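Here are some questions and answers for a reader who is new to this structure. They start with the aromatic rings and then turn to the strands.

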Amino acid sequence: MADLPPEQANHVAPGGPGLAGARWFSAIVDDSDLDEAWELTAEPLRLALVQAWLIATGQADTDDRDARAAALADGPPHPDWQAFSAWRLSRWRQGRFRRFVEEGWGLLTLPELVGPDLEFVRVAPGSEGGKLKPGDAVVVQTLTLRFVEDEWLVAGIGRTLPSPGWPPVEETLHSASA
């Protein structure tokens with residue numbers, strides 16, 4: 001990474017948002033390991049994902065849904081973890097991230113700040129490790145990372161931040177330069 005400008009090198013350095021986002025994405029796309037990715041996921045996103053699962057599977061119409069969602073958002077060893085994990089991974093790997101599963105992927109090293117503790121991290125399909133030239137078009141998946149307690153965590157899928165609720169909703173974010 002010595003040939004990268006400092007802002008790009010910092011983005012992909014150990015402890016940086018790019019590397020944290022890549023670790024999360026690899027756990028999902030390459031390893032089908034939601035347990036590992038969950039450790040790299042911010043709490044509001046965890047809760048929103050669990051709430052969406054409870055709604056989608058018809059399990060949200062109970063008096064204890066808030067407590068159940070909070071307990072499951074803590075991750076394994078919750079009794080429903082395996083069912084939730086299989087459902088979530090299936091939806092991502094066969095849906096939204098399917099192209100990355102099939103074609104491989106690479107991390108884009110261009111940082112995009114959203115705010116003082118937020119940054120967009122982007123991955124692109126393909127694994128050739130090439131460099132983009134001005135005017136090149138590329139399809140990307142954006143992850144929103146938040147700096148929480150001295151580490152970068154995935155806080156949103158896309159250029160969004162979730163707001164847990166029944167149903168959970170997303171707030172669209174814009175880069176700081178926009």
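Rings of Phe, Tyr and Trp (its six-membered ring) are taken as a pair if their centres lie within 6.5 Å. The model is predicted.

Q: How many aromatic pairs does the count come to by this rule?
A: The rule asks for ring centres within 6.5 Å. Applied to this predicted model, the count comes to eleven aromatic pairs.

Q: Are the rings of Phe25 and Phe97 stacked or edge-to-face?
A: Planes over 60 degrees apart count as edge-to-face. The centres of Phe25 and Phe97 are 5.0 Å apart and their planes stand at 65 degrees, so the pair is edge-to-face.

Q: How many residues apart in sequence are the parts that Phe25 and Phe97 tie together?
A: Phe25 belongs to helix α2 (residues 17-29). Phe97 is in the loop between α6 (81-96) and α7 (98-103). The pair therefore ties together parts whose separation in sequence is 72 residues.

Q: Is Phe25 buried or exposed?
A: Buried means under 20% relative accessible area. Phe25 has a relative accessible area of 0%, so Phe25 is buried.

Q: Which helix holds both Trp81 and Phe84?
A: Trp81 and Phe84 form a tilted aromatic pair, with 5.5 Å from centre to centre and 55 degrees between the planes. Trp81 counts as buried at 1% relative accessibility, and Phe84 is buried at 0%. The two residues are three apart, about one turn of the helix, and both lie in helix α6.

Q: The charged end of which residue sits over the ring of Trp92?
A: Trp92 is part of a cluster linked by ring pairs, together with Trp24, Phe25, Phe97, Phe100 and Trp105. A charge sits 4.5 Å from the centre of the Trp92 ring, and this is the charged end of Arg88.

Q: What is the bridge partner of Leu145 in β5?
A: Strand β4 (residues 141-148) and β5 run antiparallel and are joined by six bridges. Strand β5 covers residues 151-157, and six of its seven residues are buried. In β5, Leu145 has as its bridge partner Val154.

Q: Which residue takes a positive phi in the hairpin of β4 and β5?
A: This hairpin has two residues between the strands. A positive phi near 50 degrees is found there at Glu149.

Q: How many residues lie between β6 and β7 in their hairpin?
A: Strands β6 (residues 160-163) and β7 (residues 169-172) run antiparallel, joined by four bridges. In β7, Glu171 is the bridge partner of Leu161. The number of residues between the two strands of this hairpin is five.

Key: Residues numbered from 1 in each chain as written. Predicted model: local features only at pLDDT ≥ 70, side-chain atom pairs only at ≥ 80, totals over all residues. Heavy atoms only, no water. Buried < 20%, exposed > 50% of the residue type's maximum accessible area, 1.4 Å probe, protein only. Pairing = 2+ DSSP bridges. Phe/Tyr/Trp six-rings, centres within 6.5 Å; stacked < 30°, edge-to-face > 60°. Lys NZ or Arg CZ within 6 Å of the ring centre and 35° of its normal.
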